[in-house]
Amino acid sequence: MTGGPLRGRPAPRPEAAAGGAGALGAAPADTPAGRGTAGRLGRTADRLRAPVGSRGNALHAGAWWLWAVGLAVAASRTTNPLLLGLLVGVAGYVVAARRTDAPWARSYGAFVKLGLFVIALRVTFSALLGSPIPGTHTLFTLPEVPMPDWAEGIRVGGRVTGEQVLFAFYDGAKLATLLICVGAANALASPARLLKSLPGALYEAGVAVVVAMTFAPNMVADVFRLRTARRLRGRPTGGVRAVAQIGLPVLEGALERSVALAASMDARGYGRTAQVPAGIRRTTNALTLGGLLGVCAGSYGLLAAEGARYGLPLTAAGLAAAAAGLRLGGRRSVRSRYRPDRWGARAWLVAGSGAAVAALMIHAGTVAPEALHPGVVPPTVPELPLWPALSVLVGLLPAWVAPLPPAPPGPQESSP
């Protein structure tokens with residue numbers, strides 16, 4: 001009875017129900033065209049939006065290290081303090097945006113302090129031991145220690161010029177930037193996940209490297225924990241006596257972690273190897289050693305002007321031989337991988353941003369080297385070149401594409 005008047009009539013058109021909006025040529029949101037466009041834009045935005053990090057979608061640890069190595073390569077190509085400071089700022093911003101609450105994530109500040117110490121030490125040594133950089137602007141003169149005849153060419157003390165101090169500062173700033181880039185990788189990449197991603201042939205050597213890399217972050221975490229405990233007890237945290245009292249518990253904790261790590265590795269059967277024929281072992285050694293030698297020779301060819309023709313093919317052949325050797329060497333490892341980390345699109349973007357920074361900086365060094373190396377004799381005011389600065393900013397891409405760190409668990413609300 002209720003549907004009688006509408007029986008046999010066609011359904012109203014969507015544009016007529018929307019008040020004739022379709023007649024104006026604009027597709028409303030509920031039309032197929034509008035739904036398709038809005039849906040595609042929404043799906044694209046959802047794919048580009050960085051998810052919250054978890055065990056399943058965590059970024060590959062190797063991607064963080066490749067990104068940091070790219071920044072370090074860019075830093076090794078310049079002595080411009082403005083570009084070096086921009087690289088440090090990029091690394092610091094990404095670390096602040098994407099580091100977690102893990103113990104190794106607190107090591108970035110220690111690497112920054114180590115970099116400042118390296119700059120001060122480099123300038124001090126240049127003032128005390130002299131420098132081959134000629135200079136005319138004398139800052140001060142230190143008492144010079146007379147040296148015997150067999151130590152000719154070595155100077156201790158004497159005249160300190162502004163040119164040699166400026167050169168030492170530039171050189172120390174470059175080394176400090178390299179250390180800070182390594183500290184960024186330590187703060188962002190999990191050492192355990194990096195060890196799990198290594199090939200089976202490099203597992204033994206990787207254990208030693210990863211343990212060495214985790215020593216500094218864990219030591220920083222222990223120092224922070226002990227200083228907080230002393231502060232809560234009303235004891236001083238600065239001075240030589242406090243440092244001496246903190247140092248012994250830190251070393252004791254490092255020794256206890258080493259013993260616990262050895263015990264856990266022994267309990268999991270670490271060190272077992274499979275039976276591999278002698279011919280495969282010899283082939284593996286030959287491929288790995290030959291491939292690494294080919295990579296070294298090819299890298300020299302790429303850096304030298306006269307060897308550019310054979311540098312690239314020799315490097316590619318060396319990488320292929322080394323990869324084949326590592327694959328054969330992996331047969332000796334009988335360990336299994338539980339949930340191996342996947343190298344996804346976001347890992348490619350993070351690693352590619354670091355590689356792009358390195359490649360663009362190398363290209364800028366061949367096109368305009370004077371912009372990357374400000375003059376020391378005579379001293380010139382460093383300027384910030386446009387294109388190298390824009391290439392450094394490409395390194396900020398991980399701050400938007402890498403998964404977000406999970407929020408720390410807040411205090412639980414008490415039930416009424």
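Modeller: A residue is called buried when its relative accessible area is under 20%, exposed when over 50%, and partly exposed in between, with a 1.4 Å probe and protein chains only. The buried residues of helix α5 are Tyr108, Phe111, Gly115, Val118, Ile119, Ser126 and Ala127. Seen down the axis of α5, these buried residues fall within an arc of 165° (taken from the directions from the helix axis to the C-beta atoms), so they line one face of the helix. On the other side of α5, the exposed residues are Lys113, Leu116 and Phe117.

This is a predicted model, in which local features need pLDDT of at least 70 and side-chain atom pairs count only at pLDDT 80 or more, while totals for chains, interfaces and linings use all residues. Residues are numbered from 1 along each chain as its sequence is written, and side-chain values use heavy atoms, with hydrogens and water left out. Helices (H or I, at least four residues) and strands (E, at least two) are DSSP runs numbered from the N terminus, and the protein has 15 helices and 2 strands.

Helix α5 covers residues 108-129, which makes 22 residues, and spans 31 Å from its first C-alpha to its last, close to the 32 Å expected at 1.5 Å a residue (the expected span is 1.5 Å times one less than the number of residues). Just after α5, Gly130 takes a positive phi of about 85°. Most residues other than glycine have a negative phi. The buried residues of α5 pack, by contact (heavy atoms within 4.5 Å), against α4 (81-98), β1 (138-145), β2 (156-161) and α6 (162-188).

Helix α6 leads on to α3, since the axes of α3 and α6 come within 9 Å and cross at roughly 175° (axes are lines fitted to C-alpha atoms, for helices over the stretch in contact, and angles run from 0 to 180 degrees between N-to-C directions). Angles under 35 degrees count as roughly parallel, over 145 as roughly antiparallel, 65 to 115 as roughly perpendicular and the rest as oblique; α3 and α6 are therefore roughly antiparallel to each other. Among the residues of α3 that meet α6 are Trp64, Trp67 and Leu71, and the α6 residues in this contact include Lys174, Leu178 and Cys181.

Helix α3 also lies beside α12 (residues 345-367), where the two axes come within 8 Å and cross at roughly 10°, and these two helices are therefore roughly parallel to each other. Trp64 and Trp67 are among the α3 residues in that contact as well, with Val350, Gly354 and Met361 among their counterparts in α12.

The structure holds 4 aromatic pairs, where rings of Phe, Tyr and Trp (its six-membered ring) pair if their centres lie within 6.5 Å, and planes under 30 degrees apart count as stacked, over 60 as edge-to-face and the rest as tilted. The rings of Trp64 and Trp67 have centres 5.8 Å apart and planes at 80°, so the pair is edge-to-face. Both tryptophans lie in α3 (residues 61-76), 3 residues apart, about one turn of the helix, and both are buried. Another aromatic pair, Phe169 and Tyr170, is tilted, at 6.1 Å centre to centre and 50° between the planes. Phe169 is partly exposed, with a relative accessible area of 34%, whereas Tyr170 is buried, at 4%.
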